[in-house]
Amino acid sequence: MQLEKIISISGKPGLFKLVSQLKNGFIVEDITTKKKTSISNSSQVSLLDNIAMFTFDKEVPLFEVFENVAKNYDYKPTISHKSSGDELRAFMTASLPNYDVERVYESDIKKLAQWYNLLHKAGYITPESFVKTEEPSEVAVAEEKTEAAEEKKTAAKKAPAKKAAPKTEENTEEKPVAKKSAAKKTTKKED
C-alpha cells in the first residue's frame, strides 16, 4: 500500500491521492471518484503515512493498523464508522489490542474505520498492498528540495565576504570624478 501518497485534507470529506506538485500547491485525486482537483499550500493536509495510533508502550504507524484490520476482516470491508461506541471499541481492540484507551478517542476509531473502508472501496486493501516500498514520495522529494535550497542560502550567508584588493601601484592612481554643477539659473521678473 502506498500510504505515503494518500492524504486527508482538512475540511474535505474522503481521502485523496497526491498526483503532482505545483508551484503554489498540489494536484490531488479523490481515491473513490478519481476526480482531480488542486489545493493550495495553505491547506491543512495530513499524510496517512505520518499518522500513528497510541498504544501503552509506543506509537504504531497507521499502515500497520490497516494491515491488522485487513487480516482480521480477511481483506474485506469492516464495520461502519457510524457504529455504536461499544462496537467501535471492540473493533479497535481486535485491530490493536494494546491501544491506549485514554489517548485514542472514539472519533479516531471512527476515522480509522471510515478510511479503511474508503481505501478498500478504492482497491488499496489487498494482501500485496501491504508490502512497503522505498520509493520516495513527491512530498518528501519537495521537502528535500526545500531543505537543500535553505542549506544553500545558509551557506551563502556564512561564506566570507570578498575582500577588496590590496592597493598596488596600478590601482592607487586617482581617477577623476565628474562633479555635477549645482548652479541654478535664476531669472528676475521685470516690473
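Predicted model: local features only at pLDDT ≥ 70, side-chain atom pairs only at ≥ 80, totals over all residues.
Which element gives the most to the lining of the largest pocket? I looked that up before anything else. It's helix 3, with four residues.

**Pocket**

I get a volume of about 290 Å³ for the largest pocket. I find 16 residues in its lining, and those nearest the centre are Ile-51, Ala-52, Asp-108, Lys-111 and Trp-115. Besides helix 3 (106-121), strand 1 (6-9) and strand 6 (52-54) each give two or more residues to that lining. I also checked the classes: nine lining residues are nonpolar, four are polar and three are charged.

**Aromatic pairs**

I looked for ring pairs next and got two.

Phe-66 with Tyr-116: I read 6.2 Å between the ring centres and 40° between the planes, so I log this pair as tilted. Phe-66 belongs to helix 1 (residues 62-72) and Tyr-116 to helix 3, so the pair ties together parts 50 residues apart in sequence. How much relative accessible area does Phe-66 keep? I get 0%, so Phe-66 is buried. Tyr-116 also comes out buried, at 0%.

Tyr-73 with Phe-91: the centres sit 6.1 Å apart with the planes at 55°, so this one goes down as tilted too. Tyr-73 is in the loop between helix 1 and helix 2 (85-95), Phe-91 is in helix 2, and the two are 18 residues apart. Is Phe-91 buried or exposed? It's buried, with a relative accessible area of 2%. Tyr-73 has 26%, so I call Tyr-73 partly exposed.

Definitions and conventions:
Residues numbered from 1 in each chain as written. Heavy atoms only, no water. 1 Å grid on protein atoms, 1.4 Å probe; cavity = no way out; pocket = protein on both sides within 12 Å on 5 of 7 lines; lining within 4 Å. Points joined across faces, edges and corners; volume = space filled by probe spheres on them. Nonpolar A, V, L, I, M, F, W, Y, C, P; charged D, E, K, R; others polar. Phe/Tyr/Trp six-rings, centres within 6.5 Å; stacked < 30°, edge-to-face > 60°. Buried < 20%, exposed > 50% of the residue type's maximum accessible area, 1.4 Å probe, protein only.
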